[in-house]
Amino acid sequence: MPPLQLTDAEWQAVALSLRVALVSVAGSLPLGVATAWLLARRQFPGKLLLDGLVHLPLVVPPVVVGYGLLVLLGRRGPIGAWLYSELGITLIFTWKGAALASAVMGFPLMVRAIRLSLEAVDRKLEAAARTLGAGPFDTFFSITLPLALPGLLAGSVLAFARGLGEFGATIIFVGNIPGETRTIPIAIYTATQEPGGDLAALRLSIIALLLSLIALVASELLARRMDRRMRG
Amino acid sequence: MLDVTAEKRLGEFQLTAKFLLPAAGVLALFGRSGAGKTTLVNMLAGLLRPDSGRISLAGHLLFDAQARVDLPAERRRIGCVFQEGRLFPHLDVRGNLLYGRRRSPTGETGFGFEAIVELLGIGHLLQRRPANLSGGEKQRIAIGRALLSKPRLLLLDEPLAALDAERKAEILPFIEKLRDELWLPIVYVSHDASEIIRLADRVLILEGGRIAASGDVAEVFGQPAMQRLVGEQDAGAILSARLESHDEVYSLSRLSFPGGRLLIPRVAAEPGAELRLRVRARDVSLALVAPAHVSILNVIPAKVRKIHAAEGAHVDVELDAGSPIWARVTARSAHDLGLVEGMAVYAMIKAVSIDRQSVARQGVSEDPRRPN
């Protein structure tokens with residue numbers, strides 16, 4: 001077998017990583033938009049606290065975040081026990097748990113980008129929409145959101161790339177189960193721990209690099225297209 | 001009919017407004033920046049809540065502080081055109097035009113899409129993006145967008161202020177058409193006296209948050225107290241006149257007004273048309289005897305009613321020539337001529353000083369003329 005050809009197990013890790021990162025972005029985007037909107041547009045008591053909470057994963061060691069998730073969402077954790085008994089959902093040691101860990105870690109990046117783009121939307125356009133008969137929700141979905149689309153895209157790509165690279169919180173929360181929670185970074189870690197795993201680590205690292213690069217280039221191209229549309 | 005009583009305090013600024021606008025015609029809101037025009041407009045549109053008062057439009061209550069009624073902007077049916085146009089950059093022209101249309105009540109008739117597109121001459125722009133439009137085109141689209149939302153009132157908030165003179169001249173005829181062809185009350189906000197004289201029937205002067213004067217445009221702008229507000233260069237009188245005939249040889253129009261006859265550069269109107277024209281004080285000079293061998297075509301006998309001292313070298317002389325006329329002369333000339341109140345003089349008005357921007361048709365007739 002040529003040295004740069006991925007093995008089935010490695011392909012599995014790549015596919016899993018993509019799935020985890022995509023699900024984490026798709027799942028957290030609505031909450032990300034809502035949070036960004038609250039922070040960009042609303043004044044309320046505890047706003048500073050919310051802002052701090054959202055940004056916490058940026059500064060706290062990822063393993064601490066993972067441990068926090070484990071405590072809260074483990075089978076015996078306050079939320080985890082309820083999820084299991086009421087809804088039959090288990091997050092710990094599953095790929096869904098990995099997606100959640102990656103969503104939490106990428107959340108600050110996502111919210112930041114969306115918030116900036118929401119703040120840049122001209123409020124006067126929203127006022128104009130209101131005078132033309134659009135209610136607040138209508139205005140948000142027909143004016144605000146389309147105008148903030150570049151920010152949504154940027155935030156999603158950042159969170160996606162962050163998700164592809166997530167390691168610390170994931171390994172603490174969901175472990176290292178081949179095919180279930182062994183994403184690319186964890187597979188690389190595993191490979192480096194095994195004798196003769198250097199080449200496998202190299203292959204996976206190249207793949208990780210390529211995936212991130214593709215995500216960034218694709219988002220840049222999309223952003224340019226959107227920009228062209230707005231400029232006519 | 002628009003019926004407004006509203007008060008609003010913003011920091012140190014206090015706005016108090018009370019006025020009525022009949023079912024059709026153009027009411028101008030005139031005032032310098034900071035006079036409260038935008039505050040008033042936003043309260044009408046539902047973008048700013050008055051502290052107290054009551055606003056109703058065509059029998060619908062929009063706001064009543066006591067009854068705790070405050071209709072949100074989207075339910076007020078007031079079509080707004082803002083200074084910056086505020087077109088939606090992510091939609092093309094058609095999308096912009098239809099934005100309000102799609103959200104308007106279905107049962108009611110409004111202006112047809114084709115009719116508005118034709119009225120504003122924007123058919124060739126429908127596929128364009130706002131970023132590719134000139135300032136004048138943007139404002140036409142913004143007007144069309146507001147009209148297509150089936151408004152009960154059109155609110156034009158300094159729609160020409162951001163445009164250069166050439167673009168203004170391009171848009172003004174369209175707004176005149178709206179006034180003449182659509183049965184819709186219009187509130188026109190401006191700080192430019194010439195726009196108001198050309199477009200509006202009635203005017204409301206705002207100063208420091210209060211209504212300083214209101215009424216017929218010619219009456220209000222003719223008042224001595226208004227001269228200062230209108231501005232040094234624009235001070236003068238508004239005359240109501242009837243177009244008698246055209247002099248095709250010299251391309252002039254003959255008008256009659258209570259003070260006599262006037263010759264002005266040919267205007268595009270039929271004989272019999274009622275016109276309103278602005279005669280700036282600085283374009284009027286005075287003589288004690290009827291002058292001969294001068295180039296000035298209009299010499300009108302008048303009486304000096306009052307001499308208003310102004311800052312600097314000139315005085316403003318208020319004349320009675322059947323209609324009020326204002327003349328601006330130097331204080332020295334006033335002294336040399338020995339001008340005193342009650343004196344008989346001749347006012348001389350250069351015909352060429354009355355340009356296209358100074359002449360307007362009188363407001364719409366009171367007949368409801370709906371399109372279609």
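Colleague: What share of the 232 residues in chain A is buried?
Modeller: This is a predicted model, and the figure is computed from it. A residue counts as buried if 20 or more other C-beta atoms lie within 10 Å of its own. In chain A, with its 232 residues, the buried share is 41%.

Colleague: How many helices and strands does chain A have?
Modeller: From the N terminus on, the elements run α-α-α-α-α-α-α-α-α-α-α. The C-alpha trace that carries them spans about 70 × 45 × 30 Å along its principal axes. The count for chain A is 11 helices and zero strands.

Colleague: Is H1(A) parallel or oblique to H8(A)?
Modeller: Helix H1 (residues 8-41) of chain A packs against helix H8 (residues 149-165) of chain A with the axes 9 Å apart and an angle of about 140 degrees. Over 145 degrees would count as roughly antiparallel. The angle therefore makes H1(A) to H8(A) oblique.

Colleague: Which classes of residue make the contact of H1(A) with H8(A), and how many are in each?
Modeller: The crossing of these two helices, H1(A) and H8(A), is right-handed. On H1(A) the contact includes Val20(A), Ser24(A), Ser28(A) and Gly32(A), and on H8(A) it includes Leu152(A), Gly155(A), Ala159(A) and Phe160(A). Gly counts as polar here. By class, the contact has no charged residues, seven polar and nine nonpolar.

Colleague: Which helix supplies the largest share of the side of chain A that touches chain B?
Modeller: The contact joins 17 residues of chain A to 21 residues of chain B. Helix H6 (123-131), helix H7 (136-147) and helix H11 (198-231) of chain A each give at least two residues to the chain A side. That side divides into nine nonpolar, four polar and four charged residues. The largest share, six residues, comes from H6(A).

Colleague: How far apart are the centres of domain 1 and domain 2 of chain B?
Modeller: Chain B is divided into domain 1 (2-231) and domain 2 (236-360). The separation of their centres, taken over C-alpha atoms, is 33 Å.

Colleague: Which helices of chain B each supply at least two residues of the side of domain 1 that touches domain 2?
Modeller: In chain B, 10 residues of domain 1 are in contact with 12 residues of domain 2. The helices that each supply at least two residues of the domain 1 side are H6 (193-199), H7 (217-222) and H8 (224-230) of chain B.

Definitions and conventions
Residues are numbered from 1 along each chain as its sequence is written. Chains are lettered from A and ligands numbered from 1 in the order in which they are written. This is a predicted model: local features need pLDDT of at least 70, side-chain atom pairs count only at pLDDT 80 or more; totals for chains, interfaces and linings use all residues. Axes are lines fitted to C-alpha atoms, for helices over the stretch in contact, and angles run from 0 to 180 degrees between N-to-C directions. Helices (H or I, at least four residues) and strands (E, at least two) are DSSP runs, numbered from the N terminus. Angles under 35 degrees count as roughly parallel, over 145 as roughly antiparallel, 65 to 115 as roughly perpendicular and the rest as oblique. A crossing is left-handed if the near helix is turned anticlockwise from the far one by less than a right angle, and right-handed if clockwise. Two residues are in contact if their C-beta atoms, placed from the backbone, lie within 7 Å. A residue is buried if 20 or more other C-beta atoms lie within 10 Å of its own, exposed if 12 or fewer, and partly exposed in between; C-beta atoms are placed from the backbone. Domain bounds come from an automatic or database domain assignment.
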